[in-house]
Amino acid sequence: MAKSTYSEEPMHSENRRADDRYLAKGLATQCVHAGERWEKQTFWTSSTPIYHSTTFFYDHVQDLDDRVYYRKPGYVYARSGSPTHTALERALATLERGEVCMSTASGMAASHLALLTAGAGKEGLILCSTDVYGSVYTMVDNVFPHLGAPSILMDFTDLDRLEQAILRERPQVVYFEVVTNPMTKVIDAPAVIELAHRVGATVVVDNTFTTPFLLRPFELGADLVTHSVSKFLSGHGDVLAGAVLCRRKDFDCLHDMLIQVGCTLGPNEAWLALRGLKTFLLRMERHCANALAVARFLESHPLIARVRYPGLPSHPHHAVAARIFPDGRYGAMLNFDIADCDQAQAFRFLDALRLVLPATTLGDIYSLIVNPARTTHHWLGEDQLAAIGISAGTFRMSVGIEHAEDIMEDLDQALRACRHSA
Ligand SMILES: Cc1ncc(COP(=O)(O)O)c(C=O)c1O
């Protein structure tokens, strides 16, 4: 772990701890209440207001001094937090069962901050899964090495090779996503965490795809968790946000790092994310049910060559998924190949959709679809795409919360249209 050069003392991170009033409650209750109304005012507000002020001060300068000089919990300057941030961070820490949560300006900022906090640097090798979000891949492969921080990227589904690499290279940081993009591989997270801890590595899990609805990485021993809050947690495609969470207090230097890097979330975004979080459980239940229905429908469709959804027994990692995800829920992300589909036909299919949105994001209430070869993985050469299993006719879908029959009807009519209008 990187030690703060500024201070060993936590700064105001008391504000970002899990909300212990709700830790023993159910997930639905946590989504609705955690983080709200934890500081007594002369009146209560049902939802935490948006604090636009950059600056906080007090009747007596001693109170300011306590916060700046003695670093007691409170607010001084919005880059290091406001009550709006606190509400969101407490809610996320509660859902993930983390000690501390820092919200960030984007999911990318969260991954960057987590890698710095975990000690990536000249002496701190990053061992990262090849199946991570594209910009994180580039950051680990290019940005950190350019600054002198070495990295190795490899396939985390081959546990024997991973074990050899971990024992040989003794990384400082091990970073991965549990369900991968776009092929929906499922990484055996408990096994990877156990291997990483054998050499004392700090484990960072990006829980964006899986979310605390499917998996809580801290319960498996992960040290840091990151999120693109822009996705399922906020859920409405109207906010760009991220979060880093720590399992233990000794990662409190994360707060100093956030202040020094300056990737603070805006207060409007913090409020929107918290607002979205209220319905997180309801949305996830619906996402998962719809995704399973759509996956089964596509698997039986005559124009579809292959469907990859961890909830289908035909998925190569179904057994791992069934072991690590509780309650038979497998998330909203799936992947499928249209049979004998070239680029022109793929575009005709996307253009023919009337309900499902051909857009590059995921995790929204809307069903979303992309052609990875032309979007998320466009920079890869044909051989690299083929090695991953991506063809012109491969699609990644984030199944939304619409009426399931309507999603299937839309996919069906677009599949037929793209075949007929050649
Ligand atoms: C798994 C994952 N992690 C991180 C990110 C980056 O998040 P953001 O777009 O909020 O910066 C994304 C974005 O799609 C993602 O899918």
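**Figure 1. Glu 382 in helix H14 of the predicted model.** Helix H14 covers residues 382–388, and Glu 382 belongs to this helix. Glu 382 counts as exposed, because its relative accessibility is 72% and the exposed class begins over 50%. Ala 392 is shown together with Glu 382: the two are ten residues apart in sequence. In space, the C-alpha atoms of Glu 382 and Ala 392 are 9.9 Å apart.

**Figure 2. Salt bridge between Lys 278 and Glu 36.** The closest N and O atoms of the two side chains are 2.6 Å apart. Lys 278 lies in the loop between helix H10 (267–277) and helix H11 (280–299), and Glu 36 in the loop between helix H1 (27–33) and H2, so the pair ties together parts of the chain that are 242 residues apart in sequence. Lys 278 is partly exposed, with a relative accessible area of 23%. Glu 36, at 2% relative accessibility, counts as buried. This pair belongs to a model in which the count of salt bridges comes to 17.

**Figure 3. Salt bridge between Asp 131 and Lys 185.** The closest N and O atoms of this pair are 2.9 Å apart. Asp 131 is in the loop between strand E2 (126–129) and helix H5 (134–146), whereas Lys 185 is in the loop between E4 and H7. The two positions are 54 residues apart, and the pair links distant parts of the chain. Both Asp 131 and Lys 185 are buried.

**Figure 4. Salt-bridge network of Arg 97, Arg 216 and Glu 219.** The side chains of Glu 219 and Arg 216 meet in a salt bridge, with an N to O distance of 3.8 Å. This distance falls inside the cut-off, because a salt bridge is counted within 4 Å. Salt bridges that share partners join Arg 97 to Arg 216 and Glu 219 in one network. Glu 219 is exposed, with a relative accessible area of 52%. Arg 216 counts as buried, at 16% relative accessibility.

**Figure 5. Packing of helices H6 and H7.** Helix H6 spans residues 159–169 and helix H7 spans residues 189–198. Their axes are 9 Å apart, at an angle of about 20°. Angles under 35 degrees count as roughly parallel, and H6 and H7 are therefore roughly parallel to each other. The crossing of H6 and H7 is right-handed.

**Figure 6. Crossing of helices H4 and H9.** Helix H4 consists of residues 107–118 and helix H9 of residues 253–261. Their axes come within 10 Å and cross at roughly 125°. H4 is therefore oblique to H9. The crossing in which H4 passes H9 is right-handed.

**Figure 7. Cis peptide bond between Asn 181 and Pro 182.** The peptide bond joining Asn 181 and Pro 182 is cis, with omega about 5°. Pro 182 is found in the loop between strand E4 (173–177) and H7. Lys 185, the partner of Asp 131 in a salt bridge, is also placed in the loop between E4 and H7.

**Figure 8. Positive phi at Arg 170 and Thr 211.** Arg 170 has a positive phi of about 45°, although it is not a glycine. Arg 170 is placed in the loop between H6 and E4. With a relative accessible area of 53%, Arg 170 is exposed. Thr 211, likewise a residue other than glycine, has a positive phi near 60°. Thr 211 is in helix H8, which covers residues 211–214. At 1% relative accessibility, Thr 211 counts as buried.

**Figure 9. Nonpolar surface patch of Val 68, Tyr 69 and Tyr 70.** Val 68 is found in helix H2, which covers residues 61–68. The relative accessible area of Val 68 is 45%, and the residue is partly exposed. Val 68 can count towards the patch because patch residues need over 30% relative accessible area.

Note on methods: Residues are numbered from 1 along each chain as its sequence is written. This is a predicted model: local features need pLDDT of at least 70, side-chain atom pairs count only at pLDDT 80 or more; totals for chains, interfaces and linings use all residues. Side-chain values use heavy atoms; hydrogens and water are left out. Patches are made of residues with over 30% relative accessible area and no salt bridge: like charges are joined within 9 Å, nonpolar side chains (Val, Leu, Ile, Met, Phe, Trp, Tyr) within 5 Å. Accessible areas come from the Shrake-Rupley method with a 1.4 Å probe; for residues, only the protein chains shown count as cover. Helices (H or I, at least four residues) and strands (E, at least two) are DSSP runs, numbered from the N terminus. Buried means under 20% relative accessible area, exposed over 50%, partly exposed in between (1.4 Å probe, protein chains only). Axes are lines fitted to C-alpha atoms, for helices over the stretch in contact, and angles run from 0 to 180 degrees between N-to-C directions. Angles under 35 degrees count as roughly parallel, over 145 as roughly antiparallel, 65 to 115 as roughly perpendicular and the rest as oblique. A crossing is left-handed if the near helix is turned anticlockwise from the far one by less than a right angle, and right-handed if clockwise.
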